[in-house]
Amino acid sequence: MDLIPAPIALQLPAAAEGPADRPGADPGLALGPASTLAGGPGTEDAERWLRSVLGAATGLALPGAVDPVIGLRLDAALAPEEYRISVDAERARITAGGPAGAHWGAQTLRQLLGPEAYRRAPLRRTGWRLPACEITDAPRFGWRGVLLDVARHFLPLADLLRYVDLLAAHKLNVLHLHLTDDQGWRFEVKRYPRLTGVGGWRERSMVGYRTAQRRDDRPHGGYYTQDDLRELVAYAAERGITVLPEIDLPGHTQAAIAAYPELGNTDVVDTAALGVWTDWGVSENVLNASDATLAFFEGVLEELLEVFPSEFVHLGGDECRKDQWRASPAARARIEELGLADEDELQSWIIRHFDGWLTARGRRLIGWDEILEGGLAKGAAVASWRGYAGGVAAARAGHQVVMCPEQQVYLDHRQAEGPEEPVPIGFVRTLADVYRFEPVPPSLDEVSARQVIGTQANLWSEFADSARDLDYRAFPRLAAFAEVAWSPLPREAGGRDLAGFEARMRTHYARLDALGVAYRPPAGPHPWQRRPGVAGRPLPGPPPQD
């Protein structure tokens, strides 16, 4: 059975090991007009979802019943995301530890029916069969995330909902939304309407890497209302996914400063003349450190917490340029007032301020690994993007860590050498490279390794201006990443079975086709997936491993 991600254990009955038409072979469970589906308490979301997708694909009504053909139930003896599947000629049973586990079991059951089960209308109404099997499964990591950058290029809500379904199909359970940056502000803040009214739009966009100085003079923008995001949060929660919001500060904030110039360093820059940044990269324009600016962002976060119930809130904290602070009398006075050594400590002080603010409200801060500089409260977590080193240091210091090193799992990086790859950025990261990625470095001892709560693939959108472009960069590599995040690490000397994974991918490509995913074909991009003449920034050689 070509399941992705691979389960912990899959057992077939002896009769099912030969051809299905062999005399005496177990045909599995045939589904037809009389088939029923029902779930016990706690499985309602999974039951509703499974009936919806299977009903659409098969044309079967799958009504409820006291003793259903397909049944779901919870068992407190299992972990929340753990599940079991048992299929014989009479019944299919999904048993899970919690609602999320029930959904993952339902996702696996859908895979068992074949790629046609991913269609939105039936190609056939007969011949549907679940193979007889016993499956035991649970995730390796509790955090299995994907970042979508909607700040550089806005992604309409319908496309975000589609990506939730794609994540759920791969048993990924965190959608990290990068909502704000120099190039755009996407979160509606009712007390500060100019954040989206002004900060949500830019006059033009850079096309490709900056060295080419090529621009598209079409204005770009958009934002999500708070109700849009509540819908997204609810839709994701029904599928076992947490939506993690990110408001980046104190750097990556030119869009906010363009909307409210008083947030910037007005004593060294005419912030009233700034617009939303139209370049890619990192702007020099950063927040000032005044009490008024801190209070402004506390107001932003108050509304954010009302929309997103996630335990963690991501506050960025990365790539904050310090030149304006060094030139600013107000910043120097603030450093002296707070008894800080320099501008680096000022950045740390701002992050620690919001760390305490979130903690007081029952939430936890997570930020990029730069937030380690200057010290953090123990409750804060670190997303390690500049390689493994930041995550290793954080884990050894007792912080929880999400490993997402750019050299390994930034999916905007190119997938092959050669001129056919569209807007080639970064190191070559093939499907096999992502499959070999190991989130827990061997330098961590057993205690520190337990601080690695998960892993995340990041998909930045400077060079992906549509859902079709995101599909190309994400898939099929996201399927490999999903198996790394979910499936247990093999202990045998050979490590992960790449050949076996690639064989299973042959079926999975058909699933992606049925889902309408515009993935990169194994043989290379289709002609319409190329971007001839658009400059990239490819990096030579293999990526560093630390």
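Tutor: Buried means under 20% relative accessible area, exposed means over 50%, and partly exposed lies in between; please keep in mind that this is a predicted model.

Student: What makes arginine 321 and glutamate 284 a salt bridge?
Tutor: The rule asks for a side-chain nitrogen of Lys or Arg within 4 Å of a carboxyl oxygen of Asp or Glu, and for this pair the N to O distance is 3.0 Å. Glutamate 284 lies in the loop between α6 and α7, and arginine 321 in the loop between β18 and α8, so the pair ties together parts that are 37 residues apart in sequence.

Student: Why is arginine 239 called buried?
Tutor: Its relative accessibility is 11%, and since buried means under 20%, the label applies to arginine 239. Arginine 239 forms a salt bridge with aspartate 165, with the closest N and O atoms 2.9 Å apart, and aspartate 165, at 28%, is partly exposed.

Student: How do you know that the span of helix α7 agrees with its number of residues?
Tutor: At 1.5 Å a residue, the 17 residues of α7 should span 24 Å, and the C-alpha atoms at its ends are 25 Å apart, which agrees.

Student: What makes α7 mostly covered?
Tutor: Twelve of the 17 residues of α7 are buried, among them Phe296, Phe297 and Leu301.

Terms used:
Residues are numbered from 1 along each chain as its sequence is written. This is a predicted model: local features need pLDDT of at least 70, side-chain atom pairs count only at pLDDT 80 or more; totals for chains, interfaces and linings use all residues. Side-chain values use heavy atoms; hydrogens and water are left out. Helices (H or I, at least four residues) and strands (E, at least two) are DSSP runs, numbered from the N terminus. The expected span of a helix is 1.5 Å times one less than its number of residues. Buried means under 20% relative accessible area, exposed over 50%, partly exposed in between (1.4 Å probe, protein chains only).
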